[in-house]
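Let's learn to read a protein model together, one feature at a time. Take a look at the picture before we start.

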Amino acid sequence: MIWDVSAQKLLRHGRRSFTLDITFASDARRLVLFGPSGAGKSQTLQLLAGLSLPDVGHIRVDGRTLFDSERGIALPPQQRSLAYLFQDYALFPHLTVLQNIAFSLRAGWLNPARALKHEAVARWLEAFELEPVAHQYPAQLSGGQRQRVALARALVAEPQALLLDEPFAALDRALRLRLRAELLELQARLGMPMLLITHDEEDIACFAQDVVQIREGRIVGAEAMRVG
Ligand SMILES: Nc1ncnc2c1ncn2[C@@H]1O[C@H](COP(=O)(O)OP(=O)(O)OP(=O)(O)O)[C@@H](O)[C@H]1O
């Protein structure tokens, strides 16, 4: 099973609370978690990424246990081998395109594998046609280029899977169509499992092999267990 998630978490903020209680399993390499605003999609992605931990449950991706409350396993984010593409891409404004992409590799920047890592950055610059803008800053890029930089930065560390938070929401329609097609092509090329969260039904039509629907912190509908 590629995605095997069963997790409960009580979120509290002052007097407000929100219960996340999600269980789904899917063998789809292109899985969409679909639901309205406030349903708990981002919170679910954060649990997968390890940015927050469930109270109880388990999270397995492609056979690897990332979290299991019964077995006392809770891998930190950097050991999960998952890349997280944030909705606003979260590029560093003071770093160039090249530096943004290389940032994921910074821990080993000065070690003997340096040449190899330069090679990986160069490969992704080329793959996403970013060489002409390698020395520009995010503010000087188009929306599509920004998304490609964010994808390159996510992929350069060779993650096991990619988590995408509403990657097309901020784009105009023409760009959205183009980047959806690019993402499909990328997924086909890499074969990497991808989980995309969205409230846009068009993302389902264009991208999903399988859909998990979420409402008010819970998974609804039989689709949750369908294998794509
Ligand atoms: N610390 C917290 N305490 C209480 N409630 C919280 C906390 N964090 C988030 N929530 C609530 O959890 C719910 C789910 O939030 P989440 O961001 O996951 O929704 P979403 O489906 O991603 O929505 P959107 O598409 O608008 O980003 C929201 O109602 C939010 O207010």
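This is a predicted model: local features need pLDDT of at least 70, side-chain atom pairs count only at pLDDT 80 or more; totals for chains, interfaces and linings use all residues.

Q: How many helices and strands does the chain have?
A: Helices (H or I, at least four residues) and strands (E, at least two) are DSSP runs, numbered from the N terminus. Here the chain has six helices and eleven strands.

Q: Why can the chain be called as compact as a globular protein of its length?
A: We use the radius of gyration, taken over C-alpha atoms, and a globule rule of 2.2 Å times the number of residues to the power 0.38. For 228 residues the rule gives 17 Å, and the chain comes to 18 Å, which is close, so it is as compact as a globular protein of that length. Along the principal axes, its C-alpha atoms fill a box of roughly 45 × 40 × 40 Å.

Q: How many of the residues count as buried?
A: A residue is buried if 20 or more other C-beta atoms lie within 10 Å of its own, exposed if 12 or fewer, and partly exposed in between, with C-beta atoms placed from the backbone. By that test, 36% of the 228 residues are buried.

Q: Which residues have the most contacts inside the largest nonpolar core?
A: In soluble globular proteins, nonpolar side chains tend to be buried together. A nonpolar core is a set of buried Ala, Val, Leu, Ile, Met, Phe, Trp, Tyr and Cys residues joined through C-beta atoms within 7 Å. The largest one here has 57 residues, and Leu 85, Ile 101, Ala 152 and Leu 163 have the most contacts inside it. Helix α4 (residues 143–155) gives the most to this core, with six residues.

Q: What does Leu 163 touch?
A: Two residues are in contact if their C-beta atoms, placed from the backbone, lie within 7 Å. Not counting residues up to four places away in sequence, the partners of Leu 163 include Leu 45, Leu 82 and Leu 195.

Q: Is α4 mostly covered or mostly open, and what is its span?
A: The expected span of a helix is 1.5 Å times one less than its number of residues. For the 13 residues of α4 that makes 18 Å, and its end C-alpha atoms are 18 Å apart, which agrees. The helix is mostly covered, with ten of its 13 residues buried, among them Arg 146, Val 149 and Leu 155.

Q: Which residues come nearest to the ligand?
A: A residue is near a molecule if its C-beta atom, placed from the backbone, lies within 6 Å of it. Of the 15 residues around the ligand, His 13, Ser 37, Lys 41, Ser 42 and Gln 43 come nearest. The elements giving two or more residues to this shell are β1 (3–13), β2 (16–26) and α1 (41–49).

Q: Where does Ala 90 lie, and what is its phi?
A: Most residues other than glycine have a negative phi. Ala 90 has a positive value, near 45 degrees, and lies in the loop between β7 (82–85) and α2 (97–102). Ala 90 is partly exposed, with 13 other C-beta atoms within 10 Å.

Methods. Residues are numbered from 1 along each chain as its sequence is written.
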